[in-house]
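This report covers aromatic rings and their contacts. The sequence and structure come next.

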Amino acid sequence: MVEHITRPAKKTERRLDKRYTVLSLDGGGVRGLMTTMILASIEEQISAKIGKTFKITDAVDCIIGTSAGGLIALGLSAGFSAVELRDSVMEEMIPATFSKPRGKVMKWFKPAYDESNLEGQFRKHIHKKLGFKPSDDPTLKNLKAANPRLRTCITAIAYGYDESEGPSFTPRIFDTQNPLDDSKTILQVGRATSAAPTYFAPSKIQDQTNDGTVKEVDFVDGGVFANNPAGWGFALAATTVKAENIRVLSIGTGFRDFSLDQKAEADPSFWEKSKGTLKGWKDSLLQTLQVKDTQGDKKGVASWLSAELLGKSVFDVQKQADQCLELFKDVMGDNYFRLNPGLTQTIKLDRAEEEDRKLMRQEVSRYLKSDEGTKDVEKAITSLLTPDDYYDKALSSLMKAALLFQYCETIDQNSTNEQHYQASALLKLLTKKINDVSPTDDDVEQLHQKIKEDIARTALHYKSDKDYPSIKQQVTQQSE
């Protein structure tokens, strides 16, 4: 049985043909500060363009976040602007979270950091923004009430162990549109998405399984399966909105870009060259475990026991959602925007001293001022501020309807009386909307021929429904 990643309530009978924007936020530890810097720059530029204060949540319908990106997503959904997160909230929260790491000996037995630091910061900032006291436990239902038309999705991994089947790692997305998540506290969810193994203890949450039973589950960092959750954000949106209407703005936490070096470094190791791909807490963990690879000669078990090989296999699996998203780029009309600054230096995931934060500010500033960064941001802003042409969508839908009616004739499929009546009523309604124009018979015939030609071209590449086996159904045909 496949475990549900989320079970959102059904909002409409059919998928909507309307604009829908997903904001996707990567994981990356302290580098989440750079995410807030990029988003804050977008907010400031749009505010200047429209002449009033703008928050990124004013222009998006769904936020999906992983790890540090999940914490930022919760902050934005709670009502903070990206500017506020950049200038005050995250500037305090991240250094406090990664303060006072445990000693090397203790790290063998306990996580590197005490999660109470993060929990205290979360209660101080997020709870207060929602109008609660730090000691209260607001839930995802409360978060949804604060912004009813904004969907918030937070990634995590459910870790389990069965004596007969061994360990299991099940992807999970906490979702404000999933009624089963209503009672989960925001703090639990925030802890779950950021509980990087070896860094923080898992978050224990009462969760409902497929068979309806409720049990306590250990959740860890969502970066294990979706450090860049953009593909999942698109997939979730596509269940309620047609794919061609979806816009995705994906913000990364930076990657080590060796092409930015003024001089080449001497023989960088695999781990150094892979910083752009192996994002998140995994870099440090796998680097610690690195052993010599057998260079492609894979036979016995021992030859596969290479942290380098296993590490790459873990992260290559993460590419699947990105590859699916890549397939839909043309359908989306180039409305996928990825803003991820190349870094001139390696920024550790848990170092948040002032000099580290200064370096992050410098790296983001360099990126935003570069030709690449300027173009990336301008394209994203243009997409956020450009409305859809719904009249064009209506014409496209009418053309699809005309093609389908012609296809019905092609495969000898007749309508029922009820279908014929509904089609007639809709055509009468449309005629009232556009009765001030009278196309010529020649124009109508040309359009008819074009539709027939489209169907003929389709038949060259796809089976006709006549070719499929089917059970003949008795239907009440329309009256002559």
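Which residues form one aromatic cluster? The cluster is made up of Phe98, Tyr113, Tyr199 and Phe200.

The model is predicted, so local features need pLDDT of at least 70 and side-chain atom pairs count only at pLDDT 80 or more, while totals for chains, interfaces and linings use all residues. Residues are numbered from 1 along each chain as its sequence is written, and side-chain values use heavy atoms, with hydrogens and water left out.

Rings of Phe, Tyr and Trp (its six-membered ring) pair if their centres lie within 6.5 Å; planes under 30 degrees apart count as stacked, over 60 as edge-to-face and the rest as tilted. By this rule there are eight aromatic pairs. One of them joins Phe174 and Phe219: the planes stand at 65 degrees with the ring centres 5.0 Å apart, so this pair is edge-to-face. Because Phe174 lies in strand 4 (residues 166-175) and Phe219 in strand 6 (residues 214-221), the pair ties together parts that are 45 residues apart in sequence. Strands here are DSSP runs (E, at least two residues), numbered from the N terminus.

Phe225 and Trp232 also form an edge-to-face pair, at 5.9 Å centre to centre and 70 degrees between the planes.

Buried means under 20% relative accessible area, exposed over 50%, and partly exposed in between (1.4 Å probe, protein chains only).

| Residue | Relative accessible area and class |
|---|---|
| Phe174 | 1%, buried |
| Phe219 | 0%, buried |
| Phe225 | 12%, buried |
| Trp232 | 27%, partly exposed |

A charge also sits over a ring: Arg256 lies over the face of Phe258, 4.3 Å from the ring centre. This term requires NZ of Lys or CZ of Arg within 6 Å of the ring centre and within 35 degrees of the ring normal.

Notes. Helix = DSSP H or I, 4+ residues; strand = E, 2+ residues; numbered from the N terminus.
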